[in-house]
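Here is a friendly walk through a two-chain model, to be read with the structure open beside you. Shall we see what the coordinates have to tell?

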Amino acid sequence: MADRFGPGDPVRTRTLDPAGHTRLPRYARGAVGEVVESAGRHPLADDRARGRSTPPQAVYHVRFAAAELFGTGDHSVTVELWEDYLEAAAGRDPVQDGSDHER
Amino acid sequence: MSGDHASAAIAGQVRHVETLLERRGLLADGEIDRRIDEFLAGGSPANGARIAARAWVDPAFRERLLADANGAIGEVGLSMSGGIQEQRLKVVANSDTEHHVVVCTLCSCYPIALLGPSPTWYKSEAYRSRVVRDPRAVLAEFGLQLPPDTRIAVWDASAESRYMVIPRRPAGTAGLSEVELAGLVTRNGLIGTAAV
């Protein structure tokens with residue numbers, strides 16, 4: 001199965017609040033960031049913690065602006081997230097904002 | 001968010017399971033401690049320091065390291081396969097415009113093979129919760145005052161990769177050998193909570 005996302009893709013993290021183990025940090029839920037690069041393929045930690053056999057899936061380094069996560073700050077936070085935690089977010093229009101998507 | 005586990009229910013459960021496994025002959029006496037010792041053996045900040053020094057003197061190595069750290073560290077005789085499975089390594093390099101710092105907000109993931117066991121503060125709730133929100137203030141508490149225009153990039157080791165920072169090479173070190181340069185690199189420099 002091909003990776004759903006690639007470098008530069010805007011993604012939004014889910015707002016799931018599972019009862020058990022997850023490795024989607026609470027501070028990074030429901031936030032929009034940008035995929036930096038692939039971090040390989042690994043079985044979903046949430047499933048492994050529940051003793052479920054689960055196939056490897058894509059994991060990504062996703063970069064967030066601090067202001068997006070905390071409402072303040074000028075730094076970035078790059079979080080490593082399984083594909084299940086992510087959905088596609090609306091991207092900026094490269095024509096409209098004039099950037100060349102330097103990635 | 002988890003903190004000190006020593007007296008937590010989970011610690012009691014783990015001890016209980018360990019006892020049962022030993023009683024049923026599935027685990028030899030002290031086997032877990034032995035396995036942990038084996039995993040830690042050879043893990044030292046000296047390893048990370050060697051990698052950083054090589055990256056300083058060899059720009060091509062630096063490029064390979066940033067693109068594929070697991071492959072590159074093999075060139076200096078190191079690997080991330082000392083545990084149950086090979087761990088992916090991600091190396092990032094500080095520059096005069098950007099400073100990187102590593103944290104594991106969910107627990108205490110750390111590149112033990114390259115840095116040895118992690119310092120206590122790395123596992124503390126204070127560091128884990130604060131460095132993602134206000135890294136500039138936390139770094140200042142470590143004694144690292146960054147210029148206001150230096151961008152800060154925090155890396156949260158929230159999944160399977162382990163992370164290491166290549167500090168900036170100090171000024172005035174042009175005449176030093178690779179071994180001498182490695183001697184300048186500190187553990188905190190490789191985590192990103194200090195300059196070198």
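## Chain B at a glance

Of the 196 residues of chain B, 42% count as buried, where buried means under 20% relative accessible area, exposed over 50%, and partly exposed in between (1.4 Å probe, protein chains only). This is a predicted model, in which local features need pLDDT of at least 70 and side-chain atom pairs count only at pLDDT 80 or more, while totals for chains, interfaces and linings use all residues. Residues are numbered from 1 along each chain as its sequence is written, chains are lettered from A and ligands numbered from 1 in the order in which they are written, and side-chain values use heavy atoms, with hydrogens and water left out.

Chain B has 11 helices and 4 strands; helices (H or I, at least four residues) and strands (E, at least two) are DSSP runs, numbered from the N terminus. Along the principal axes, the C-alpha atoms of chain B fill a box of roughly 60 × 35 × 25 Å. The accessible surface of chain B is about 9,900 Å², and carbon and sulfur atoms hold 53% of that area. These areas come from the Shrake-Rupley method with a 1.4 Å probe; for residues, only the protein chains shown count as cover.

## Domains and a nonpolar patch

Chain B is assigned domain 1 (9-39) and domain 2 (43-191), with bounds taken from an automatic or database domain assignment. Between the C-alpha centres of domain 1 of chain B and domain 2 of chain B there are 32 Å.

B:Leu21 sits in helix H1 (residues 9-23) of chain B. Its relative accessibility is 31%, so B:Leu21 counts as partly exposed. Together with B:Val17 and B:Leu26, B:Leu21 makes a nonpolar surface patch of about 260 Å². Patches are made of residues with over 30% relative accessible area and no salt bridge; like charges are joined within 9 Å, and nonpolar side chains (Val, Leu, Ile, Met, Phe, Trp, Tyr) within 5 Å.

## A buried leucine in a loop

Now look at the loop between helix H9 (135-141) and strand E3 (151-156) of chain B, where B:Leu144 is found. B:Leu144 counts as buried because its relative accessibility is 10%. Leaving out residues up to four places away in sequence, B:Leu144 touches B:His99, B:Leu139, B:Gly192, B:Thr193, B:Ala194 and B:Ala195, a contact being heavy atoms within 4.5 Å.

For chain B as a whole, 68% of the contacts with a separation of 6 or more join residues 24 or more positions apart.

## Salt bridges

Side chains of opposite charge can pair when their charged atoms come close. Over all chains, the structure holds 13 salt bridges, each a side-chain nitrogen of Lys or Arg within 4 Å of a carboxyl oxygen of Asp or Glu. In chain B, B:Arg54 and B:Glu178 form one of them (2.8 Å, N to O). B:Arg54 lies in helix H3 (residues 45-57) of chain B and B:Glu178 in helix H10 (residues 178-182) of chain B, so this pair ties together parts 124 residues apart in sequence. B:Arg54 is partly exposed at 23% relative accessibility, and B:Glu178 is partly exposed at 29%.

In chain A, the side chains of A:Glu87 and A:Arg14 meet in a salt bridge (3.3 Å, N to O). A:Glu87 belongs to strand E5 (residues 86-88) of chain A and A:Arg14 to the loop between strand E1 (10-13) and strand E2 (32-43) of chain A, so the pair ties together parts that are 73 residues apart in sequence. Both ends are partly exposed: A:Glu87 at 28% relative accessibility and A:Arg14 at 29%. A:Asp17, A:Arg26 and A:Arg29 are linked in a network of salt bridges.

## Chain A and its confidence

Chain A has 2 helices and 5 strands, running β-β-α-β-α-β-β from the N terminus on. Of its 103 residues, 43% are buried. The accessible surface of chain A is about 5,500 Å², with 47% belonging to carbon and sulfur atoms.

How confident is the predictor in chain A? The average pLDDT (the predictor's confidence in each residue, from 0 to 100) is 89 for chain A, and 86% of the residues score at least 70. Over residues 93-103 of chain A, pLDDT stays under 50, and the model has 9 contacts beyond four places in sequence for this stretch.
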